Amino acid sequence: MVKHTATSVVTIDRYIIEEEKLHPEATGELSGILYDLALAAKMIANKVRSAGLADILGATEDTNVQGEIQQKLDVIANEIIIKAVDHGGRLCAMASEEEPDIIQIPDNFKCGKYCLLFDPLDGSSNIDVNVPVGTIFSVVKKITRGTRGEMEDMLQPGRRQVAAGYVIYGASTMLVYTTGRGVHGFTLDPSIGEFLLSHPHIRVPNSGRYLSVNDSYERLWSDDVRALMRRYRGLDGQRAAMNVRYVGSLVADFHRNLLGGGLFAYPSNTKNVKGKLRLLYEANPLAFIVEQAGGAATSGDMRILDIEPTDLHQRTPLYIGSKGDVDIALSMLGKPVVDEIPLAAR
Ligand code: AHM
Ligand code: MG
């Protein structure tokens with residue numbers, strides 16, 4: 001374990017190198033992907049910060065593969081990430097929430113042994129009102145034999161992730177990631193353009209203060225979900241009421257609950273039986289992070305990281321956060337409590 005406290009001055013690059021040294025077999029490729037993503041995060045942060053000034057807010061005429069209106073910054077963030085990582089020789093393919101198909105590495109660049117899946121700018125419908133947005137990413141190892149990445153490489157269960165992280169573009173820009181050895185947070189110091197270690201070894205409290213859910217879907221929930229939400233809000237007298245906090249920007253809601261404890265829920269409803277959030281770009285990476293921080297994530301039916309994906313853009317109901325709070329969801333949704341299963345080693 002790399003030992004640093006939040007008072008040491010440690011850049012993200014140095015931290016990544018020190019983590020890599022713990023793996024004598026490491027080739028440096030995964031570290032390279034993380035460096036590139038940290039660079040992309042700084043470039044996106046810069047665009048998000050100056051968006052209002054540059055008059056690039058608002059929707060484009062295109063809709064993305066999910067049928068939602070793309071915001072211009074979504075397109076820009078998508079491009080920035082692809083351009084930051086496609087030429088390094090470390091990836092064999094990518095998949096983005098904003099693109100319908102696998103993104104191949106251009107012919108003139110070498111292919112590597114990893115795949116990157118990402119949501120370039122989550123919560124982008126909030127951009128116009130200056131609410132925090134985020135980038136979410138997931139890295140898995142290629143499993144097919146050819147040089148290029150194939151669908152099978154992308155459709156791996158979340159427990160096979162070798163790295164995952166998110167960037168929150170808020171009052172400060174923070175990058176939080178895991179490679180399976182705990183969760184570490186870095187805050188961007190804009191004056192020097194460096195991410196500095198500010199939150200080493202993040203642990204999520206076992207039960208938390210905050211409940212994040214969009215109550216406006218209450219009429220569309222099943223009875224057991226409605227009863228569960230009443231429990232969290234202390235209305236059935238079984239537990240103290242949690243404070244309801246819902247930004248409507250997943251990274252912001254998740255980040256607050258990761259640090260303060262609590263639960264984020266996006267249940268199934270009669271209009272969206274699989275909820276809204278995407279397994280590969282949102283649920284899996286955040287589930288890897290939360291488990292590494294001592295929390296849990298379930299669809300209500302099963303551990304998120306054990307879901308076998310069948311489609312690049314599939315959605316899943318999501319209950320994620322403090323383990324004690326997720327266990328309540330599992331018990332009330334009629335599902336047994338699952339113990340943490342060791343994650344694939346890097
Ligand atoms: P996006 O990926 O299109 O930005 O949508 C995902 C966002 C999440 O950030 C957020 O948790 C959720 O949508 C909010 O949805 P709702 O408005 O239905 O509560
Ligand atoms: Mg999203």
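I started with the magnesium ion (ligand 2) and looked up what holds it: Glu-97 (OE), Asp-119 (OD), Asp-122 (OD) and Glu-282 (OE) coordinate the ion at 1.9 to 2.6 Å. Bear in mind that this is a predicted model. Along the chain, I get the donor spacing E-x21-D-x2-D-x159-E. The last pair ties distant parts of the chain together: Asp-122 belongs to strand 5 (residues 114–122), Glu-282 to helix 7 (residues 279–292), and they are 160 residues apart. Buried or exposed, these two, Asp-122 and Glu-282? Both come out buried.

Next entry: Gln-161, which I found in strand 7 (residues 161–169). Its relative accessibility is 1%, so I log Gln-161 as buried; the cut-off is under 20%. What does its side chain touch? I noted a polar contact with the side chain of Ser-138 at 3.0 Å. I also found the backbone oxygen of Gly-158 2.9 Å from a polar atom of the Gln-161 side chain.

Then I moved to strand 9 (residues 183–189), which is mostly covered, with 5 of its 7 residues buried. Strand 9 pairs antiparallel with strand 8 (residues 173–178) over 5 bridges, and I see Met-174 opposite Thr-187 of strand 9. That hairpin has 4 residues between the strands, and Gly-180 takes a positive phi near 95° there.

Strand 9 also pairs antiparallel with strand 10 (residues 194–199), over 5 bridges. Leu-188 has Phe-195 in strand 10 as its bridge partner. In this hairpin, with 4 residues between the strands, I noted a positive phi near 70° for Gly-193.

Methods
Residues numbered from 1 in each chain as written. Chains lettered and ligands numbered in written order. Predicted model: local features only at pLDDT ≥ 70, side-chain atom pairs only at ≥ 80, totals over all residues. Heavy atoms only, no water. Donors = N, O, S within 2.8 Å, 3.2 Å for Na, K, Ca; no water. Helix = DSSP H or I, 4+ residues; strand = E, 2+ residues; numbered from the N terminus. Buried < 20%, exposed > 50% of the residue type's maximum accessible area, 1.4 Å probe, protein only. Polar contact = N/O pair within 3.5 Å; in protein donor to acceptor, adjacent residues only side chain to side chain. Pairing = 2+ DSSP bridges.
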